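The exercises below are meant to be worked through with the sequence and the three-dimensional structure side by side. Try each task before reading its solution.

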Protein chains: 2
Amino acid sequence: MTKQDLIDCHERIKPFIHITPVLTSRLINEMVGAQLYFKCENFQRMGAFKMRGAANAIMQLTAEQKKNGVVTHSSGNFAQALSLAAQGLGVKAYIVMPNTAPQVKKDAVRGYGGMVIECEPTLEARERESKSIEDRYGATFIHPSNDDQVILGQGTACVELLETQPDLDYVVTPVGGGGLIAGTALAAHYFGKHCKTIGGEPLACDDAYRSLMSGQIETNETANTIADGLKTQLGDRNFPLILKYVDEIIRVTEEEIIVAMHLIWERLKIVCEPSSAVALAAVLQQKEKFARKNIGIIISGGNVDLSQLPF
Amino acid sequence: MTKQDLIDCHERIKPFIHITPVLTSRLINEMVGAQLYFKCENFQRMGAFKMRGAANAIMQLTAEQKKNGVVTHSSGNFAQALSLAAQGLGVKAYIVMPNTAPQVKKDAVRGYGGMVIECEPTLEARERESKSIEDRYGATFIHPSNDDQVILGQGTACVELLETQPDLDYVVTPVGGGGLIAGTALAAHYFGKHCKTIGGEPLACDDAYRSLMSGQIETNETANTIADGLKTQLGDRNFPLILKYVDEIIRVTEEEIIVAMHLIWERLKIVCEPSSAVALAAVLQQKEKFARKNIGIIISGGNVDLSQLPF
């Protein structure tokens with residue numbers, strides 16, 4: 001994936017995304033002893049960066065593929081992103097969701113025009129159901145994070161961030177399925193002057209940390225984190241990019257995530273997901289490393305149940 | 001107060017304030033059947049529009065007055081605003097606060113360089129203590145809302161809003177002490193093409209509604225509202241402006257305030273105070289009136305105790 005691929009992708013998806021704002025906080029800067037720039041993808045359409053990758057993936061399909069629709073399995077932001085992007089492009093979206101998914105998430109997908117197909121809450125059932133929809137309708141499966149076009153799309157948030165802040169020393173993202181950090185690392189590599197990419201990961205789901213150590217894709221043994229968007233695994237499309245371009249993965253505790261989330265809400269006055277706070281938590285944990293640097297933070301999304309806050 | 005006064009005021013305070021963003025939400029627009037533009041003063045310095053009026057009031061003092069400092073009594077946003085504005089201008093700020101005020105509010109004032117003077121939690125004690133500081137130090141008393149320079153400063157948020165959205169039919173603000181709505185109404189009058197100013201007010205503190213009816217300043221009999229910034233009374237400086245330039249005050253229930261606040265948090269992904277939600281609550285209550293109009297909403301501030309949310 002080249003620099004031109006990223007430029008083309010960004011131009012392609014611009015009609016379907018928001019150019020999100022970059023916020024700063026004097027107090028958080030003082031706390032860290034550095035300059036932090038928060039790229040607010042919680043203000044992105046449907047509330048998360050996932051819109052970028054979903055839009056790009058659909059736009060890269062052939063006319064024939066578009067006619068037959070797209071399918072994914074997700075109960076999170078990608079389900080909504082694919083539905084909304086598909087709606088904007090006149091494409092049908094089949095979303096396979098576990099029958100245990102909250103009603104509000106099913107409603108959100110339907111609100112964006114997606115067709116919800118329920119299945120048993122196991123990975124096998126999801127994959128079987130997706131496959132069956134591919135076979136039945138000729139729909140194209142689009143993976144939420146392990147797909148080159150999705151990775152490129154997710155990277156455009158960092159392209160925009162570097163357009164407004166060209167002198168970043170670091171860009172820090174949360175790490176879940178690996179699409180965001182892989183795309184970000186590509187963008188930092190091609191558009192940064194000296195910008196290293198660092199991931200923040202919950203200690204309870206540290207597959208990316210261990211994968212970077214071992215040089216092969218490791219799996220999570222627990223999923224016991226408040227950062228519910230980060231329970232997913234790396235894949236064979238994004239891991240090579242992460243191995244090549246990501247400088248370090250910093251693991252954070254649940255308490256560190258909650259403290260960072262509170263700080264973002266209280267000081268930046270924005271609503272973000274626990275997953276989004278993992279990046280700031282990593283910076284707060286390693287203040288010496290980041291002291292006096294220019295640091296970009298990707299606030300990945302803002303879809304959170306307001307009645308279930310950890311504070 | 002002339003159009004030029006507002007222009008001069010805006011130029012004067014620009015180095016001390018943020019030009020805050022204007023956000024929109026497709027879903028909220030669909031709900032109301034109108035175009036809503038949210039002027040986000042929760043992103044203002046110290047987290048509320050009060051920074052504007054405080055900065056302007058201090059800047060309009062003589063060199064002699066500045067040397068002797070300023071004093072106000074407030075346990076809310078104006079206490080922090082006056083402290084931060086004074087700090088930026090090298091002026092001493094004495095803040096009289098009830099000894100029952102939460103520690104976090106006293107700390108916030110001190111964090112911005114204000115000197116906290118505690119007193120008994122009665123209006124008499126506050127006024128006596130302020131007077132004593134005026135006498136002792138020669139400090140100038142600055143009222144949080146009933147002061148021409150404060151009113152002009154608060155009006156600059158609407159000046160900015162009309163710069164980005166010149167075709168507003170309405171601008172809606174919360175009504176507490178009357179400084180924000182008076183300044184906004186001035187700005188709408190001078191800078192709008194056909195922009196009417198409307199206030200939202202909690203039913204439990206409907207002094208402005210009743211004052212507009214009777215033509216004289218009425219007082220609140222209860223203060224039983226979640227919108228804790230709106231418990232204050234109108235004053236003789238802002239009421240004549242309100243009487244002349246404000247089109248209507250719409251009263252909303254506590255439940256309507258909470259629904260509107262939830263909607264702002266969930267859809268705009270921003271943290272705002274209950275007081276801020278009163279303006280949107282008014283629009284949601286009177287959808288027929290606002291249908292197909294362009295409506296500006298002033299989100300007044302974002303200083304809220306995250307552990308005490310109503311949802």
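**Exercise 1.** Which residue is the bridge partner of B:Leu23 in β2(B)?

Solution. The model is a predicted one, in which local features need pLDDT of at least 70 and side-chain atom pairs count only at pLDDT 80 or more, whereas totals for chains, interfaces and linings use all residues. Residues are numbered from 1 along each chain as its sequence is written, while chains are lettered from A and ligands numbered from 1 in the order in which they are written. Begin with the strands, which are DSSP runs (E, at least two residues) numbered from the N terminus, as are helices (H or I, at least four). Strand β1(B) is joined by two bridges to β2 of chain B, residues 35-40, and the two run antiparallel; strands count as a pair if DSSP finds at least two bridges between them. Within β2(B), the partner of B:Leu23 is B:Phe38.

**Exercise 2.** Describe the sheet of chain B to which these strands belong, and find which of its strands stand at the edges.

Solution. The sheet is open and mixed in its pairing, with six strands in the order β1-β2-β10-β7-β8-β9. Because β1 (22-23) and β9 (246-252) of chain B each have a single partner strand, they stand at the edges, and one side of each is left without a neighbour in the sheet. Helix α13 of chain B, residues 274-285, packs on this sheet and touches β7, β8, β9 and β10, where a contact means C-beta atoms, placed from the backbone, within 7 Å.

**Exercise 3.** Determine how chain A is related to chain B, and through which surface the copies meet.

Solution. Next, look at the interface, where 14 residues of chain A are in contact with 14 residues of chain B. Finally, 100% of the interface residues of chain A are also interface residues in chain B, so the copies meet through the same surface.

Methods: Contact = placed C-beta atoms within 7 Å. Axes fitted to C-alpha atoms, helices over the stretch in contact; angles between N-to-C directions.
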